Amino acid sequence: MRNNCILKVLNHQSSPRMPIWIMRQAGRYLPEYRAIREKAGSFIAMIKNPELVAEITLQPIKRFDLDAAIIFSDILTIPDAMGLGLKFEDGIGPSFKRPIVTTNDIDKLSVPDPEQDFKYLSDGIECTLELLQSRVPLIGFSATPITLARYMLQESPEHWINNHPQQFHQLMRMLSASIKQYLLLQANHGVSILQIFDSWGNHLSTPELYNTYAIPYITEIIQYLHNHAPEVPVIFYTRHLNMQVLEQIANIPHITALAVDSPIDIIQLRQSNPTIILQGNLNPSHLNNSAEELTQATKQVLQSITNPELHIFNLGQGITPSAKPELVAHLIDLVHQFET
Ligand code: CP3
């Protein structure tokens with residue numbers, strides 16, 4: 001690997017500089033992404049075409065001095081393969097043609113066959129690795145069961161917990177089984193790092209609910225990866241969670257790094273977790289305006305990083321279409337110039 005800074009940090013080794021990558025780094029803020037999207041017609045057509053996946057994954061790597069690539073795909077591929085029928089509508093976001101409405105809908109679900117149902121993804125990874133030529137490590141990803149359930153269920157997760165707790169657990173078990181195989185497929189096809197998105201963990205609104213309905217499944221997924229792909233570090237991304245829940249997550253065995261969103265005070269999180277690797281957490285809105293604003297906000301995050309050797313720089317959540325590409329380049333310079 002020509003640039004292995006991020007792997008150094010994830011392995012608790014010293015890195016020549018603080019690594020940075022950006023969630024959703026291949027996306028609509030890039031004119032070259034918008035050009036391909038126009039030709040391909042839809043987001044789903046893009047993620048199911050291995051050559052396009054490789055080309056799009058490489059777009060931000062060609063333009064910027066980033067320290068990792070992330071495979072161009074989506075977390076909602078799993079429920080799509082389970083038969084829910086994924087669709088994206090402009091201005092509305094993702095939804096399913098056949099969401100889960102009744103307990104019978106859960107009984108009808110089955111765990112996808114990874115090699116067959118996600119061949120477009122494993123082929124996409126292989127094409128990408130060929131184009132990438134070991135410039136930077138490639139990140140693979142999926143989401144937590146609760147985050148996927150939030151999209152799959154017509155009613156809220158807590159409605160299901162209150163009315164059909166056994167069927168809710170059944171759904172969580174099936175999603176865990178799928179996520180394990182989906183992540184292992186990516187590791188087996190050559191990704192160097194896995195990130196698990198818990199973007200909607202806050203739909204379990206108390207630490208007790210999170211402890212009962214999220215932690216056991218996350219623990220199981222990460223233990224499985226540790227058993228079957230022990231060399232692949234796992235970054236766990238959280239959003240809208242409070243410190244109490246974050247502390248529960250930080251105690252899950254074999255999570256390599258904890259990624260946090262912008263409202264999280266990383267000084268406080270660091271104090272109670274002196275050896276954990278952290279990732280984050282600049283607010284993406286600072287990429288919309290001026291270099292001055294961005295510089296000030298970035299310096300503030302950098303100053304809060306009390307152990308730079310244990311930090312991977314990123315945004316607190318995905319970059320938005322309104323971000324200015326020249327400010328992304330400026331952000332990467334600021335982080336790389338920072339003395340670790
Ligand atoms: O980070 C990357 O560059 C890799 C690709 C990636 C995408 N989605 C591409 C995408 C990743 C890692 C994701 C994860 C994802 N997808 C999450 C977790 C991260 C988070 O944001 O909290 C979630 C919740 C989803 C579900 C999803 N996919 C939503 C809510 C949307 C619509 C929102 C939007 O930005 O339009 C998508 C579509 C999507 N996924 C786009 C991209 C580049 C936009 C597609 C387009 O319109 O061209």
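T102 sits in the loop between β3 (93-96) and α6 (103-107), where helices (H or I, at least four residues) and strands (E, at least two) are DSSP runs numbered from the N terminus. T102 is partly exposed, with a relative accessible area of 36%; on this scale buried means under 20%, exposed over 50% and partly exposed in between (1.4 Å probe, protein chains only). Its C-alpha atom and that of A229, 127 residues along the chain from T102, are 36 Å apart.

A quick note on the model: it is predicted, so local features need pLDDT of at least 70 and side-chain atom pairs count only at pLDDT 80 or more, while totals for chains, interfaces and linings use all residues. Residues are numbered from 1 along each chain as its sequence is written, and side-chain values use heavy atoms, with hydrogens and water left out.

**Overall build**

- The protein chain has 17 helices and 9 strands.
- Its radius of gyration is 19 Å, close to the 20 Å that the globule rule gives for 340 residues, so the chain is as compact as a globular protein of that length. That radius is taken over C-alpha atoms, and the rule is 2.2 Å times the number of residues to the power 0.38.
- Along the principal axes, the C-alpha trace spans about 55 × 50 × 40 Å.
- Of the 340 residues in the protein chain, 55% are buried.
- Take the contacts (heavy atoms within 4.5 Å) between residues at least 6 apart in sequence: 74% of them join residues at least 24 apart.

**Aromatic pairs**

- There are 8 aromatic pairs in the structure. Rings of Phe, Tyr and Trp (its six-membered ring) pair if their centres lie within 6.5 Å; planes under 30 degrees apart count as stacked, over 60 as edge-to-face and the rest as tilted.
- One of them is F43 with F72, an edge-to-face pair at 5.5 Å centre to centre and 85° between the planes. F43 belongs to helix α3 (residues 43-47) and F72 to the loop between β1 (69-70) and α5 (77-84), so this pair ties together parts that are 29 residues apart in sequence.
- F43 and F72 are both buried.
- Another edge-to-face pair is F197 with Y237, with centres 5.5 Å apart and planes at 65°. F197 is in strand β5 (residues 193-198) and Y237 in strand β6 (residues 234-238), so here the pair ties together parts that are 40 residues apart in sequence.
- F197 and Y237 are buried too.
- F43 and F72 also belong to one aromatic cluster with Y33 and F88.

**Arginine over rings**

- R150 has its charged end over the ring of Y151, 4.7 Å from the ring centre. A charge sits over a ring if NZ of Lys or CZ of Arg is within 6 Å of the ring centre and within 35 degrees of the ring normal.
- R150 also lies over the face of W200, at 4.2 Å from the ring centre.

- T128 is part of helix α8 (residues 119-132) and counts as buried at 0% relative accessibility.
- Not counting residues up to four places away in sequence, T128 touches V53, A54, T57, L58, I71 and L138.
- H169 is in helix α11 (residues 165-188), and at 17% relative accessibility H169 counts as buried.
- Beyond its neighbours within four places in sequence, H169 contacts T212, Y213 and Y217.

**Cysteines**

- The structure holds 0 disulfides (pairs of cysteine sulfur atoms within 2.5 Å).
- C5 counts as buried at 5% relative accessibility, whereas C127 counts as partly exposed at 23%.

- Most residues other than glycine have a negative phi, and most peptide bonds are trans.
- G280 and N281 are joined by a cis peptide bond, with omega about -20°; N281 is in strand β8 (residues 277-282).
- R24, in the loop between α1 (5-10) and α2 (31-40), has a positive phi near 65° and counts as exposed at 55% relative accessibility.
- Q133 has a positive phi near 50°. Q133 lies in the loop between α8 and β4 (138-143) and counts as exposed at 54% relative accessibility.
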